[in-house]
Amino acid sequence: TGMVLAGIGHVDGQGKKNFLVVDSKTHQREIEDTFNELTRRKDIAMVLITQGSAELIRKCVDEYGASGQVVPTVLEIPSKEVPYDPRKDAI
């Protein structure tokens, strides 16, 4: 699933990104590592993740939610590839 909101995706001078484009070739470990990195960064206020990608790393997402941390906020959004499942929506 690829989505970078206009003006939000950023690559700094060292090549460090504030986004990850997930497709069928993206390994679960890479998604987990990126999610954990983004939720630790002080310059990130919100992490948008598709519901399908969140399902691949559900344990990480749930652990972050249980930690009580609210910044960055993690928001699961639907994608066009995977039908939205309201039963999996914590909100």
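Residues are classed as buried when their relative accessible area is under 20%, as exposed when it is over 50%, and as partly exposed in between (1.4 Å probe, protein chains only). The structure is a predicted model, in which local features need pLDDT of at least 70 and side-chain atom pairs count only at pLDDT 80 or more, whereas totals for chains, interfaces and linings use all residues. Residues are numbered from 1 along each chain as its sequence is written, and side-chain values use heavy atoms, with hydrogens and water left out.

Within the set, the side chains of Glu76 and Arg58 meet at 2.8 Å, N to O. Glu76 belongs to strand S2 (residues 73-77) and Arg58 to helix H3, so this pair ties together parts 18 residues apart in sequence, where helices (H or I, at least four residues) and strands (E, at least two) are DSSP runs numbered from the N terminus. Arg58 is buried, with a relative accessible area of 19%.

A further salt bridge is formed between the side chains of Arg41 and Asp43 (2.8 Å, N to O), of which Arg41 is buried at 14% relative accessible area and Asp43 is exposed at 56%.

How values were computed: A salt bridge is a side-chain nitrogen of Lys or Arg within 4 Å of a carboxyl oxygen of Asp or Glu.
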